[in-house]
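Biologist: I would like to learn how to read a structure, feature by feature. Please show it first, and then I will ask.

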Amino acid sequence: MNFLSLIESKREGKTLAPEQIENFVLEFTAGKIPDYQMAALLMAIYFRGLSTAETTALTLAMRDSGDVLEFPEDTRPLVDKHSTGGIGDKVSLPLAPLLACLGFRVPMISGRGLGITGGTLDKLDSIPGFQTLLPAEKIVEQVQQVGCVICGQTDRMVPADKKIYALRDASGTVPSIPLITASILSKKLAESLEALVLDVKFGCAAFMQTKAEARKLAKAMVALGNDCGVNTRAILTDMNTPLGRAAGNWLEVKESVACLEPTSRSRRSESAHTFTKSSQRGLTSAATAEGQASDLRSLVLDCAAHLLMQTKKSKSLAAARKQAGDCLDSGEPRRKWDEMLVAQGANLSVFNQKLALDHTASAVLELKSPCAGFVSKCDARLIGEVIRDLGGGRLTKESVINYDVGVDRIAKPGEAVQKNSVLARIHATGQSQAKSACARLKTAFEISAKPVKAAPLILEIIQ
Ligand code: URA
């Protein structure tokens, strides 16, 4: 292959043939194309873009650069969710066991966090004994037996993405919609899915900060997913405010388990929830205790409901949501969570002892409201930065994470607070770290004298 002429073609804005794309993915993965030439091609793609056919060819070639999970014939559809990431986004944790109880198989291959955004695997690593690195045979076996697995990508899955992403990271070519789409979907397609729901976030703490950018990415991923034979939908969600009331690895596991606990009657009203373009964050008075955030529950149910619709297991979104809510309230998904933990090596009694602790970090400090009023701002980016600097996130890929630090009892926009009400609780490695985090967090919150309406959690559905 004359790789130089391929770079020149893309530089001139020409369209590459699927065979050319398949070839360069194969050769680059095999180490036969030098990084400097591949970086030049990536930069040409960054500026010139890729057509739908080119992006499809790239995605499929990347998927086929390694192992694709193979599952036996089964009536249970294979489904998954992918989120573009944000602060407090722990949806995957309760969603996987819920989906398994709804009759799906869920091979959820997840990633680690970098920067302010948390990663599902980091959260799971805070569970004593839980194994996230599993060989492909074990992933398939667990999905067949338990119904769900949440684990990392094996070394043999989508190696092309690993190499290309590292080069994009070092060559300023990450923010390219066709490259992002191919990167995300090649990994999801290697799970052999029937349906996929994408949670594409916008806002100050999101990968795509504006609604327009997030919509563009969502549309590209939905079109590509469907083109590649996976029924794909996207939910555009707000990431100006953290999801739920806790952020930080172990604190998010605790909140996820709380989300799986069967709820009281007072919170069942979401079965009557109507699907509009703007479902509210829905933080009711019943959602006051730590770990009881109804925006988290709401998004978990929405993701499950869409997958029920996409796989034709339900006739309407309202019925699907009720089905998902009833299932969550049955307590079955909570038991499925334990089953998944045991299957992946966790010691349940150690886990339950840890769960019973109020906190596992050395120091805990409350940030109190300076006045009475209504929370008008709770800045997810600032909260994410504070947690990262407390040691809960990575500054570089090599950083070692502290699983116990974070923020919980987060007061959310729209909520009424009294003077000295808790706006957030900081979990840190020591008093001085807690105090300096507390000082920084003060500016994350704004209190208004007048009632405030929370921004909708879901902006729109793209299908
Ligand atoms: N996440 C990915 O997996 N790939 C990208 O390109 C961007 C975000």
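Biologist: Where does Val 158 lie?

Modeller: Helices (H or I, at least four residues) and strands (E, at least two) are DSSP runs, numbered from the N terminus. Val 158 is in the loop that links β3 (148-152) to α8. This is a predicted model, in which local features need pLDDT of at least 70 and side-chain atom pairs count only at pLDDT 80 or more, while totals for chains, interfaces and linings use all residues. Residues are numbered from 1 along each chain as its sequence is written, and side-chain values use heavy atoms, with hydrogens and water left out.

Biologist: What is the phi of Val 158?

Modeller: Start with the general idea. Most residues other than glycine have a negative phi. Val 158 is not a glycine, yet its phi is positive, at about 45 degrees.

Biologist: Now the ligand. Which residues are around it?

Modeller: A residue is near a molecule if one of its heavy atoms lies within 4 Å of it. Around the ligand these are Tyr 165, Arg 168, Ile 180, Ser 183, Ile 184, Lys 187 and Phe 207. Both α8 (159-171) and α9 (177-189) supply at least two residues of this shell. The most come from α9, with 4 residues.

Biologist: What about polar contacts?

Modeller: A polar contact is a pair of N or O atoms within 3.5 Å; within protein, one must be able to donate a hydrogen and the other to accept it, and residues adjacent in sequence count only if both atoms are side-chain atoms. The side chain of Arg 168 has an N or O atom 2.9 Å from an oxygen atom of the ligand. For Lys 187, the distance from a side-chain N or O atom to a ligand oxygen atom is 2.5 Å. A nitrogen atom of the ligand is 2.6 Å from a polar side-chain atom of Ser 183. On its own the ligand has 240 Å² of accessible area, of which the protein covers 80%.

Biologist: Which residue has a side-chain polar contact with Thr 132?

Modeller: The partner is Asp 125, at 3.4 Å. Thr 132 sits in the loop between α6 (120-125) and α7 (136-145), and it is buried, with a relative accessible area of 4%.

Biologist: How do I read distance along the chain against distance in space?

Modeller: Compare the sequence separation with the C-alpha distance. Ala 372 and Gln 418 are 46 residues apart in sequence, and their C-alpha atoms are 4.1 Å apart. Ala 372 is in the loop between β6 (363-368) and β7 (373-378), and is partly exposed at 46% relative accessibility.

Biologist: And with a longer stretch of chain?

Modeller: Thr 237 and Ile 461 are 224 residues apart along the chain, with 9.2 Å between their C-alpha atoms. Thr 237 is part of strand β5 (residues 231-238) and is buried at 0% relative accessibility. Another pair is Arg 215 and Ile 462, 247 residues apart in sequence and 8.2 Å apart from C-alpha to C-alpha. Arg 215 is in helix α10 (residues 211-227) and counts as partly exposed at 26% relative accessibility.

Technical notes
Accessible areas come from the Shrake-Rupley method with a 1.4 Å probe; for residues, only the protein chains shown count as cover. Buried means under 20% relative accessible area, exposed over 50%, partly exposed in between (1.4 Å probe, protein chains only).
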